[in-house]
Amino acid sequence: MKNCRALVIGGSAGSLEVLLRVFPDLREDLPFSIIIVVHRKQGTDFLLADLISKKTKLEVKEAEEKEKIMVGTVYLAPSDYHLLIERDGSFSLDYSEKINYSRPSIDVTFQSAAEVYEEGLVCLLLSGSNADGVNGLITVNSYGGQTAVQDPESAQVDYMPAQAIARAEVNRILKIEEMAAYINSLA
């Protein structure tokens, strides 16, 4: 897929370990943005950005309200806010009800990104213990985007990727060691 404009990665329990294994092997010149939505406790924001930035040469930062999305940058959804992508290529933070017991909700970001990026979107769903992200993957497919999930056998908590495989049309099922090459191939 050569027209990737954004990669959105969603995960919950067990996904941080995957991110820390994948990011050291990513190219520094990726021509798209990476947006990460991870379920986490409030007040741990700076820790996640620091952990990931130590593993990559890409710029890693927390997404901010009305911030323009730049290529080659890794954005993290702030804890306790839904992260939406606006048509003008900026972020919007939302404090509405939790979805699938989660804020940020992976579904919300996947769905808003699908509406903006359409076939230029790739979404990757990692380890997790609820079905957040599954409806988002269905939306991504309906807009012509590409979907990938972590192989449930390699997931610390297999419920989230297994639900995606059972309920959504998934383009790729990836083992952890295949993810960096897959992401690099999107460039």
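# How the terms fit this model

Tutor: Asn 100 is found in the loop between β6 and α3, where helices (H or I, at least four residues) and strands (E, at least two) are DSSP runs numbered from the N terminus. This is a predicted model, in which local features need pLDDT of at least 70 and side-chain atom pairs count only at pLDDT 80 or more, while totals for chains, interfaces and linings use all residues. Residues are numbered from 1 along each chain as its sequence is written, and side-chain values use heavy atoms, with hydrogens and water left out.

Student: Why does Asn 100 count as partly exposed?

Tutor: Buried means under 20% relative accessible area and exposed means over 50%, with partly exposed in between (1.4 Å probe, protein chains only). Asn 100 has 28% relative accessibility, and therefore counts as partly exposed. Tyr 101, which is found in the loop between β6 and α3 as well, has a relative accessible area of 76% and is therefore exposed.

Student: What is phi in Asn 100, and what is phi in Tyr 101?

Tutor: Phi of Asn 100 is near 55°, a positive value in a residue other than glycine, and Tyr 101, not a glycine either, has a positive phi of about 65°. As background, most residues other than glycine have a negative phi, and most peptide bonds are trans.

Student: How do you know that the buried residues of α5 are on the same side of α5?

Tutor: In helix α5, which covers residues 159–167, the buried residues are Met 160, Pro 161, Gln 163 and Ala 164. They cover an arc of only 160° around the axis, and so they lie on the same side of α5; the arc is that of the directions from the helix axis to the C-beta atoms. What covers these residues includes β1 (6–11), α3 (106–117), β7 (121–125), α4 (134–142) and β8 (146–150).

Student: What makes α4 oblique to α5?

Tutor: The two helices, α4 and α5, pack at an angle of about 40°, with their axes 9 Å apart. Axes are lines fitted to C-alpha atoms, for helices over the stretch in contact, and angles run from 0 to 180 degrees between N-to-C directions. Angles under 35 degrees count as roughly parallel, over 145 as roughly antiparallel, 65 to 115 as roughly perpendicular and the rest as oblique. That angle therefore makes α4 oblique to α5.

Student: Which residues make the contact of α4 with α5?

Tutor: On α4 they are Val 134, Asn 135, Leu 137 and Ile 138, and on α5 they are Met 160, Gln 163, Ala 164 and Arg 167, where contact means heavy atoms within 4.5 Å. By class, this contact has five nonpolar, two polar and one charged residues, since Ala, Val, Leu, Ile, Met, Phe, Trp, Tyr, Cys and Pro count as nonpolar, Asp, Glu, Lys and Arg as charged, and the others, Gly among them, as polar.

Student: Why are α3 and α4 called roughly parallel?

Tutor: The angle at which α3 and α4 pack is about 10°, with their axes 7 Å apart. By the limits already given, α3 and α4 are therefore roughly parallel to each other. Asp 107, Phe 110, Gln 111 and Ala 114 of α3 make the contact with Val 134, Asn 135, Gly 136, Leu 137, Thr 139 and Val 140 of α4, and these residues divide into five nonpolar, four polar and one charged.

Student: What do the buried residues of α4 pack against?

Tutor: The buried residues of α4, namely Val 134, Gly 136, Leu 137, Thr 139 and Val 140, pack against α3, β7, β8 and α5. Asn 141 also lies in α4, but with 22% relative accessibility Asn 141 counts as partly exposed. Leaving out residues up to four places away in sequence, Asn 141 touches Thr 147, Glu 169 and Asn 171.

Student: Is Glu 118 buried, exposed or partly exposed, and why?

Tutor: Glu 118, whose place is in the loop between α3 and β7, has a relative accessible area of 35% and is therefore partly exposed. Apart from neighbours within four places in sequence, Glu 118 is in contact with Ala 113, Tyr 143, Gly 144 and Gly 145.
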